[in-house]
Each structure stands twice: as C-alpha cells, then as structure tokens.
Amino acid sequence: MAKNKIRFQKRLFFKNQLKEKNLYFGKFSDRDKSYEQLMFLQEADNLFSQRKNLDAFEKFLLFITDNKNENVRFKKDKKIEFDIVQGSKIISGYTDGKIIKAETELFSFDEDIPQLYQILLEQTHNLKFTKFLVNKNVISAQISLYLDYCTVDLLYYSLRELSVISDKLDDYLELQFKNLRPLNKSHIIQMPDNEFDVKTKYLKKWLAKSLELSKKLDNANFADAKSFILISTIYRILYLIVPEGELDDMLKDLEKFFFESQKSTVEKNKIIEEKLKNVLEWDNQRLKKSLYKVIRTFPEKMPSKTKETISFIQQEIGKIYWYESNKFEEISRYILEYIAGYIDAHFGNIPVLNDLFLIFWQVMYKDYFNDLGINRLPYEKNSISYFLLHKNFSIINSTARENYPRFFFNVKHLDLKDKYSFAKTFFQEILNIDFN
Amino acid sequence: MNFDELYFVASAWNTGNAILIDGYDFLVTTTETIGLSNYALIINGKEKKIAKVLLADFKTGIALLENVVTTNSLLNILNFELSAYDQKSVAYQKNLFNKLHQLNCEIVKKDEGYNISTFEDYHLNDGTIIFGRRGEFLGLVTKKNEKPTLLPAKYIMKLLEEFSDIDKESVRCLNCENIIEKNQIINNSCPFCNNEISKEIIEDISPKLDETARKIETLLIKNDYELKYCRYGKNLWNISRGSASVFIRYNPKSKFIAAFSPLYQIKNNSSLLYKFLMRENAKLEFLTFSLHKDMIYLDTPYFVADNFKTEIADIIFKELFRLADYYDDVLAEMDKE
C-alpha cells in the first residue's frame with residue numbers, strides 16, 4: 001500500500017456530477033484515499049509497533065472508512081465491534097486487542113450439500129486467511145488472527161480477502177445451488193428507475209450492435225476481429241454499466257473462458273456469441289437482479305505497477321494498424337476499447353490513470369453519459385471540445401505531478417476529428433507520459 | 001507401474017527425485033537437487049533416511065547417493081537411446097507427499113541440449129524419470145534456471161560404469177575430468193593435474209538463509225528437531241511426530257509463512273467427511289481444514305515475515321501438531337467402508 005502523502009486533489013469538474021448522482025464506473029479502486037485517511041494508516045502502523053493493538057485497529061478502521069459511503073461502522077469501549085460493507089455482503093467482527101474475528105453469513109439451508117462443501121473446502125485451500133464453515137444450518141466465511149503478529153498490511157490483506165471472496169462467491173453459488181437461502185443482503189441499494197432504464201437500453205443496444213457486426217464477418221478469416229468485438233463489448237458493459245450478480249459473473253466467466261480455453265478462436269467466438277445473444281432475451285425482472293448499487297470497501301485487484309499497464313498498451317496497440325490500413329477502422333476502434341477495458345479489468349491502476357480512462361470513455365460514449373444525466377462532458381455542439389478536454393487534462397496534469405514530477409499528458413497531441421482518431425492518439429499520448 | 005524405485009529427495013538446497021537402477025548400488029539424482037550438500041534426505045513414505053553424496057558430478061549434472069533404501073524394486077533399463085528428436089514421452093515423478101504423478105511431455109533438441117515441456121499445468125522436478133513411448137529410459141530431468149532439460153540416459157549409464165570401481169566419496173576435477181576420492185585430495189589440489197579443487201565441491205555447504213528462515217530454524221532447534229531431517233530445500237521444512245507431519249513454508253518474495261499438515265487422502269465417504277470438516281471449521285480457533293484433490297489438510301493462517309514472532313508461531317505450530325495427530329485417526333475411522 002502506498003503511504004505517500006496526497007494533498008487535496010482538485011476534483012475534475014465532471015466528477016462532482018458523478019458523486020451527486022451516485023454514479024460510478026469501472027472496477028472499484030481504493031487508491032484514491034484522502035490525506036487524512038493516509039495519516040490514520042501511519043498512526044495505525046505506529047500503534048501496532050507499540051503493541052497498542054486496540055487503538056491501532058481503530059485507526060485502521062478509520063483508514064478504510066469512506067465517510068460519504070458509510071462503508072464502515074464501529075463502536076469502541078473495552079473492545080471494538082465493527083461492520084464492513086463489501087458489495088452484497090456485510091462483514092461483522094470484533095477485537096479485544098488480543099485476537100480479531102470477522103465473519104460474514106452467506107447462506108442458510110435445510111439439508112447439507114456435500115458438493116457445495118467440496119467447492120468451499122477447495123476454495124479454502126487457495127486462501128491465506130479465510131475459511132468457510134457450517135454452524136447449525138448456516139454457511140459462513142470467517143477469519144481469526146492474533147493481533148500480536150499482525151501488521152497493518154496483514155490486517156488489510158486478510159480483511160480484504162474475506163470481503164472480496166464472500167462478495168464474489170455468494171452470487172455465483174446462489175445460481176449453482178438452488179436450495180440455498182441467501183443471507184445478509186438487505187443493504188443492497190435499488191437503482192433509480194431512470195438509471196435502470198438507461199443502463200438496460202444501452203446494454204441491449206451495444207450487445208445487438210456488436211453481435212450484428214460480428215455476424216457480418218467471416219468466421220475463419222476474421223476470427224480475431226470477431227474476438228476483439230465481442231470481448232471489448234464485454235469490457236464496455238463491465239466498465240460503463242457496472243453489473244452485479246448473475247450478469248457480472250457471466251461476463252467475467254466468458255472473458256476468462258476466452259483467455260484460458262484451449263478451443264480454437266472460431267469455437268470460442270461462437271460460444272460467446274450465443275451466451276451474449278441470450279442476454280438480449282432477459283426481461284427486466286431478471287436484469288434487476290444484476291443491476292443494483294453496492295458499497296465497497298476493498299478493491300478486487302491489488303495495486304499493480306504502472307509499467308505493466310504501459311507494457312500492455314505497447315504490446316496491443318500495434319494490432320490496430322492492419323485493420324486501419326485495410327479500411328476496417330471500426331474494428332480498430334473496438335481494439336482500442338478492448339485495450340482500455342482490459343486495463344480496467346486486470347490492473348489495479350493509480351488514480352491518475354483511472355481519471356484518464358474515465359475521460360476516454362466519456363468521449364467515446366457521450367450519449368450514454370448524457371442519458372444518465374451527466375452533461376459536463378468534453379463536447380461542444382456534438383464535436384469533441386479541445387478547450388474542455390484541456391481544462392480536464394490540466395487538472396489531471398497538476399494533480400499527477402505531486403507524485404510524478406514529469407507527468408504531462410499533452411492535449412495538443414490528440415486528434416479530435418472523430419472518436420477513432422481521438423482514441424488512437426489518446427493511447428499514443430499515454431505512451432509518451434513519463435511516470436518516473 | 002507404481003515406481004517404487006523412485007524416491008523423493010530433499011537437500012538443504014532443493015528437492016527432487018532419485019532412482020535406483022538395476023545392477024548399481026547408488027541412488028541417482030541431479031546436482032541441482034543436492035546443491036553443495038554432502039548429504040541428502042531420502043523420503044520413502046513416512047520414512048526419512050540420510051544418504052551421503054558419493055559423487056556430485058558438476059560436469060554432467062548427475063549426483064550419486066549412498067543407497068540407504070532396502071527394496072527389491074529396481075529400475076530395469078532395457079534401452080536407453082534417445083532414438084528420435086522431438087519425441088513425445090512420459091514423465092514420472094513423486095511429490096513431497098510421496099504421490100506418483102505421470103505427465104505427458106515432449107522433448108525437443110536445441111543447440112544447448114534437450115528441452116522438455118509438459119502439456120499439463122504441472123511443474124517437472126529435478127530427477128523426474130523420462131520414458132519414451134516405447135518404454136525406453138530416456139533420462140532424468142534437470143532444471144537450469146527453472147527450465148527443464150533432459151539429462152540423457154547414456155551419460156547416466158556411462159557415469160555409473162565409471163564410478164562403480166571407485167564407490168567412495170569423490171569429486172570430479174573440472175580441469176582434467178578425473179574422478180578423485182576425497183581422501184586423496186591434499187591441500188585442495190587434484191592429485192592428477194595439481195589444479196585447485198574448489199572447497200565448495202568438497203565441503204558440506206548450506207545455502208545462506210535470510211533472517212526469517214533462520215528464525216524458523218532456530219524455532220525447530222529449540223523444539224529438538226535435527227535440521228538435517230527437516231530441510232526440504234531452502235524455504236520449506238518438514239517435521240514429524242507420531243503419525244503427524246507438518247510442513248512450514250516461507251516465501252521470501254511475498255514474505256508470507258504458513259504451516260500445514262496433510263492429514264488424510266479421502267477414499268470412500270467424501271460426503272460424510274465434507275460435512276464433518278465444515279462443522280469442525282466452526283469449532284477450530286485459528287486452524288482450518290481445507291481440501292485439494294481429495295487430500296485433507298489442516299492449515300494455520302499465514303504469518304508475515306516482518307512481524308514473525310517465534311513465541312506465537314510456536315504455540316500455533318504445537319496446536320497444529322496436536323490436532324493433526326488427533327484428526328488423522330478420526331478421519332481414517334470415518335472413511336471406513
């Protein structure tokens with residue numbers, strides 16, 4: 001975890017609108033911590049080294065608390081009792097200064113399900129701190145640790161592991177085992193009707209358009225192109241619509257299947273197309289179970305090095321040129337979106353990169369943002385606005401220089417004649433940035 | 001084939017496999033497995049025996065160990081020619097739980113030797129035996145910079161022939177390439193060519209451990225364990241008491257330390273055992289039951305090297321032992337048909 005001091009960050013002005021409407025995009029990240037939060041982290045670290053465990057843990061909880069979202073609640077007297085919200089789960093625990101125990105109830109059941117237990121016991125083998133258990137007729141996930149051998153990093157890691165795995169597994173298992181009764185889900189926030197309608201509309205629109213384009217291409221000769229179209233559409237949905245539950249699991253499974261399966265690209269494309277086509281048939285009732293709001297405390301992905309992101313861009317961007325020179329610009333555009341989507345899905349990026357990519361998606365899908373009620377977009381009369389982009393990137397540049405003194409995203413290098421030119425030059429400019 | 005003539009081997013440097021070949025009274029492994037040690041641990045089921053290194057031949061990469069096992073099972077070598085390149089072959093190896101794995105692999109000739117790749121997501125260990133599709137013994141795996149290559153059978157057989165007449169602790173002079181008995185070396189010089197023989201290949205040298213690994217070993221010594229019988233490579237230790245066996249693993253990159261005990265391989269009543277384990281997990285304070293490919297484990301939570309407190313680790317490891325000893329019998333009883 002970075003312990004760099006971050007001074008007050010000037011907000012990109014569209015971000016205020018996002019906060020007002022409780023809109024969020026992309027994978028949850030907790031790297032945007034305030035200066036105050038980072039000070040709590042340092043205090044926790046110092047108190048742990050003095051073995052003032054209870055006080056240290058209190059500071060740790062303050063570090064992970066995002067006041068606006070009310071993701072953490074606790075009370076302290078001779079011990080600390082706490083609740084942490086992570087997606088569809090609440091993790092409850094306590095510490096007396098000697099040990100810490102945290103648990104989340106997942107399901108209740110009428111009859112034992114050995115197949116489920118096998119999955120959970122095998123999952124436990126791959127985890128460092130979390131175990132799954134059955135108490136009477138309730139299945140839970142739990143950690144327990146001696147605080148005397150804890151450091152701040154270990155506490156963060158263990159609570160994160162418990163939180164993320166519980167949040168991830170419960171939706172998946174609920175679909176696989178119909179006899180389970182989910183517990184601990186009353187804090188899920190229903191999406192406002194307007195937002196639900198917009199997201200549903202664009203979900204189906206994007207799927208239909210991508211599937212139609214993919215269908216037009218020859219299976220064998222354009223297998224790679226079809227893959228880019230399908231996978232980038234998955235990434236676009238994950239980033240912009242931010243589904244939960246069944247839809248989220250399904251899209252991530254398809255993505256994982258694409259990269260890990262030994263089948264041919266042609267076969268993989270066919271399977272993915274079929275699955276995506278089915279989503280077009282989902283009615284609103286089924287979609288509501290995947291389109292809701294949650295609060296998170298911990299990110300799914302741990303921070304990764306910026307050079308990994310840059311290497312990935314360098315590796316992939318070359319793929320657009322063949323399609324561009326053979327007049328398949330639309331496919332090149334899908335490739336660029338694929339790059340942006342992959343980066344969000346697979347890397348735990350620094351805040352400045354997250355902000356850059358948010359601008360990227362706003363330019364590429366202005367209508368979607370408009371329909372969600374975001375009007376502070378870098379457009380003037382339907383054309384990408386150099387002036388408004390410059391304002392945004394100036395804020396990003398000045399904030400980024402606090403940690404990266406030579407950081408400079410030069411808006412003058414962007415070609416704004418159309419979205420494809422913008423996207424291409426956007427990535428080319430990222431490769432010019434000095435992150436040292 | 002159960003390959004009883006294949007053994008799991010551990011030294012202070014590494015782990016691997018060793019084989020016993022019909023007609024020769026030496027265990028054959030690789031120099032990568034034994035490193036700069038003068039002894040290795042031969043593990044045969046729950047039995048551990050110390051074997052002297054008779055020859056660590058850094059020219060060929062082959063190491064010969066004292067035969068400390070009593071067995072009638074010897075690898076019968078019929079053909080040992082690598083008759084074709086780009087050969088599809090089969091690898092056999094034993095893991096640290098003495099389980100035999102069979103893996104399909106492919107051998108490809110490159111300038112620097114024969115590379116081996118597997119089709120499965122599994123690592124090849126040093127000393128793994130490779131057979132061709134017609135049953136011919138092709139050689140052993142040796143790993144240089146983590147890349148598995150083939151130590152061809154003809155070099156192994158040639159060395160065995162060369163060494164049979166010597167049969168004493170020896171080294172090879174890398175200058176004149178003669179094999180010299182250690183007791184003939186005076187002032188670290190080769191009696192044939194007078195070239196200096198490095199102390200490293202004569203003496204018993206253990207790898208340098210970092211502070212955390214040293215703390216773990218101090219804890220083991222404090223509990224009366226002999227390190228010679230515990231070291232499974234640089235950052236893995238195994239301690240046994242009664243029927244319980246505990247592994248302590250340290251990862252210097254991630255800085256995590258964990259201990260686990262493989263308790264029982266499920267044979268019959270998996271459903272009953274799963275139900276039992278999930279309920280027992282609710283009763284255990286800091287330990288956890290987990291499952292991997294039908295093997296039940298009892299695990300401790302991970303420690304971090306930065307704050308590794310041996311007093312607390314001692315308590316938790318002792319608890320792990322106590323419960324491992326108790327539960328392995330309970331599980332076996334529950335799994336009876």
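# Working through the model

Trainee: What joins the side chains of S92(A) and D83(A)?

Mentor: A polar contact does, at 2.8 Å. By polar contact I mean a pair of N or O atoms within 3.5 Å; within protein, one must be able to donate a hydrogen and the other to accept it, and residues adjacent in sequence count only if both atoms are side-chain atoms.

Trainee: Before we go on, what are the ground rules here?

Mentor: This is a predicted model: local features need pLDDT of at least 70 and side-chain atom pairs count only at pLDDT 80 or more, while totals for chains, interfaces and linings use all residues. Residues are numbered from 1 along each chain as its sequence is written, chains are lettered from A and ligands numbered from 1 in the order in which they are written, and side-chain values use heavy atoms, with hydrogens and water left out.

Trainee: What pLDDT does chain A average?

Mentor: Chain A averages 92, and 97% of the residues score at least 70. pLDDT is the predictor's confidence in each residue, from 0 to 100.

Trainee: Where does pLDDT stay under 50 in chain A?

Mentor: Over residues 1–9, for which the model has 22 contacts beyond four places in sequence. A contact means heavy atoms within 4.5 Å. Where pLDDT is low, the predicted coordinates should not be read in detail.

Trainee: Back to S92(A). Which strand is S92(A) in?

Mentor: S92(A) sits in β3 of chain A, residues 89–95. Helices (H or I, at least four residues) and strands (E, at least two) are DSSP runs, numbered from the N terminus. Leaving out residues up to four places away in sequence, S92(A) touches F82(A), D83(A), K101(A), A102(A) and E103(A).

Trainee: Why does S92(A) count as partly exposed?

Mentor: Because its relative accessibility is 35%. Buried means under 20% relative accessible area, exposed over 50%, and partly exposed in between, with a 1.4 Å probe and protein chains only.

Trainee: You mentioned K101(A) as a neighbour of S92(A). Which side chain meets K101(A) in a salt bridge?

Mentor: That of E285(B), at 2.8 Å from N to O. A salt bridge is a side-chain nitrogen of Lys or Arg within 4 Å of a carboxyl oxygen of Asp or Glu. The rule finds two salt bridges across the interface of chain A and chain B, and 16 residue pairs are in polar contact there, with both residues at pLDDT 80 or more.

Trainee: Which element gives the most to the side of chain A that touches chain B?

Mentor: α4(A), with eight residues. The elements giving two or more residues to that side are β4 (99–108), α4 (114–125), β5 (131–135), β6 (138–146) and α5 (152–176) of chain A.

Trainee: And how much area do the chains bury between them?

Mentor: About 2800 Å², with 66% of it on carbon and sulfur atoms. Buried area is the accessible area (1.4 Å probe) that two parts lose on being put together, summed over both. In chain A, L121(A), H125(A) and Y149(A) lose the most area to chain B, together 25% of what that side buries. The contact takes 31 residues from chain A and 29 residues from chain B.

Trainee: How many residues are in the largest nonpolar core?

Mentor: There are 99, and those with the most contacts inside it are F60(A), I139(A), L159(A), I248(B) and I296(B). Apart from that one lies another core, of 91 residues, among them L211(A), L254(A), I359(A) and Y379(A). A nonpolar core is a set of buried Ala, Val, Leu, Ile, Met, Phe, Trp, Tyr and Cys residues joined through side-chain atoms within 4.5 Å.

Trainee: Switching to chain B, is N17(B) buried or exposed?

Mentor: N17(B) counts as buried, at 0% relative accessibility. The residue lies in strand β2 of chain B, residues 15–20, and among the residues that N17(B) touches are Y7(B), V28(B), Y92(B) and D126(B).

Trainee: Last topic: how many salt bridges are there over all chains?

Mentor: A search of the whole structure finds 42. One of chain B's joins E280(B) and K283(B), with the closest N and O atoms 3.0 Å apart. E280(B) is buried at 9%, whereas K283(B) is exposed at 63%.

Trainee: Why are E280(B) and K283(B) separated by about one helical turn?

Mentor: Because they are three residues apart in helix α4 of chain B, residues 270–283. Over in chain A, D55(A), E58(A) and K76(A) are linked in a network of salt bridges.
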